[in-house]
Amino acid sequence: MTTAPLRLRLDGAALADNWRMLDRMSGRAACGAAVKADGYGLGAVGVVERLAAAGCCDFFVATWAEAMEIAPLGVTISVLHGVREADMATALASSNARPVLNTLAQVARWRAAGGGRCDVMVDTGMNRLGLSVADVAGGAVAGLQVETLMSHLACADEDDAMNARQLAAFASLKGVTDARRMSLANSAGIALGPDYHFDLTRPGLGLYGGVARSGLAGIRQVATPQAQIVQRRRVPMGETVGYNATYRATHDIDVAILNIGYADGYFRGFSGCGTVSAGGERLPLLGRVSMDLIAVDASSVPALGEGDWVDIAFALPIASAVSGMSQYELLTGLGRRIDRYWV
Ligand SMILES: *Cc1c(COP(=O)(O)O)cnc(C)c1O
């Protein structure tokens, strides 16, 4: 099999360290891991193997297809989107994945099938997924084997009054159901403090190097795209680089053309402001990001040539500020042409 001219360096020690930090911050609560969207684009199997080895016991995916991909690893999986009729055979046959029931129809479906253990999502104000607090308090899930009762914060990355309102609504269900555990906090929610931790936390972004808010300063970068140089060329003063000729050389420069573009998730927002590093130097992007290519000023590293690899600057808080994409979009947008490898 041929290797790609584009790869994603994945730091397994940083991933495990990030989980351990979030686990410590979660206090007495257990710390799980959201691994939906293929482990936020890094590769769910590689992520789950490493987090399970670090001690993580609870994994969250969006769909049953995602659950089935990691189920052979033997870990405990919650499927956040619940269970459709079309998922029932898979769900009933699985010994280590269970649905997070979100609607009264899902509850009825699971109950009628005698489905066994499940989780339940309650909506505390986000108006996305989940049963109402009133329905849960009124006994809508009574008699089910509810492992975890959970809710999800809408504004945990901000200091918004909605956090306290959601917390109060969720806490009102303490002792009201026979759920074995309660869970509210995502990565940012963990940094909101112990009141938000309940029995289990569910970080995603922070595991992968995203810093959603203050209080998460120790998070380490996990993913670094690396691209190979396809061509090095001299661009004389006055000539332009790339589509729409948005960059014009003010003096003679050397340009390296790299094998990465917006089709790989290196979005056009990086045009004119992204950077890469090579030979200890920081090289600025010139002109627009193309579908499959970018151009950088390589004048400061004369030895850099065709076939050499460069690191794309991808520290998520900075890359997000520079590109205008969210940290989540930057990770989950990383494309399929990129070879992923763990170090
Ligand atoms: C994605 C998700 C998480 C993880 O959120 P992060 O902000 O990535 O930490 C937790 N809970 C639910 C329900 C989610 O959908």
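How many residues lie between β16 and β17 in their hairpin, and which residue in the turn has a positive phi? Two residues separate the strands, and Gly279 carries the positive phi, at about 55°. The model is predicted: local features need pLDDT of at least 70, side-chain atom pairs count only at pLDDT 80 or more, and totals for chains, interfaces and linings use all residues. Residues are numbered from 1 along each chain as its sequence is written, and side-chain values use heavy atoms, with hydrogens and water left out.

The overall fold is described next. The protein chain has eleven helices and 20 strands. Helices (H or I, at least four residues) and strands (E, at least two) are DSSP runs, numbered from the N terminus. The C-alpha trace spans about 75 × 45 × 35 Å along its principal axes. Of the 343 residues in the chain, 51% are buried. Buried means under 20% relative accessible area, exposed means over 50%, and partly exposed lies in between (1.4 Å probe, protein chains only). The chain exposes about 14,800 Å², of which carbon and sulfur atoms supply 51%. Accessible areas come from the Shrake-Rupley method with a 1.4 Å probe; for residues, only the protein chains shown count as cover. Among contacts with a separation of 6 or more, 63% are between residues 24 or more positions apart. Contact means heavy atoms within 4.5 Å.

Strand β16 (residues 275-278) runs antiparallel to β17 (residues 281-284), and four bridges join them. Two strands pair if DSSP finds at least two bridges between them. Thr275 has Pro284 of β17 as its bridge partner. Strand β16 is also joined to β19 (residues 309-312), by two bridges and again antiparallel. Here Ser277 stands opposite Asp311 of β19. The C-alpha atom of Ser277 is separated by 24 Å from that of Ala245, 32 residues apart along the chain. Ala245 lies in the loop between β13 (240-241) and β14 (247-248). At 36% relative accessibility, Ala245 is partly exposed.

The buried residues of α8 (residues 161-171) are Met162, Asn163, Gln166, Leu167 and Phe170. They cover an arc of only 140° around the axis, so they fall on the same side of α8. The arc is that of the directions from the helix axis to the C-beta atoms. Ala161 and Arg165, on the other side, are exposed. The buried residues pack against β7 (118-123), β9 (146-150) and β10 (181-183). At the N-terminal end, Asp160 caps α8: one of its side-chain oxygens lies 2.8 Å from the backbone nitrogen of Met162. A polar contact is a pair of N or O atoms within 3.5 Å; within protein, one must be able to donate a hydrogen and the other to accept it, and residues adjacent in sequence count only if both atoms are side-chain atoms.

Strand β9 also holds Glu147. This residue is buried, with a relative accessible area of 7%. Leaving aside neighbours within four places in sequence, Glu147 is in contact with Arg98, Arg117, Cys118, Asp119, Ala179, Arg180 and Arg181.

Two loop residues were also examined. Asn186 sits in the loop between β10 and α9 (187-190). It is buried, at 13% relative accessible area. The side chain of Asn186 reaches the backbone nitrogen of Gly189 at 2.9 Å. Beyond its neighbours within four places in sequence, Asn186 is in contact with His152, Ala156, Arg202 and Pro203. Leu207 is found in the loop between β11 (200-201) and β12 (223-235). Its relative accessible area is 0%, and Leu207 is therefore buried. With neighbours within four places set aside, Leu207 is in contact with Leu15, Asn18, Trp19, Leu22, Ala33, Ala34, Leu51 and Val222.

Cysteines complete the picture. The structure holds zero disulfides, a disulfide being a pair of cysteine sulfur atoms within 2.5 Å. Cys155 is buried, with a relative accessible area of 11%. Cys273 is partly exposed, at 34% relative accessibility.
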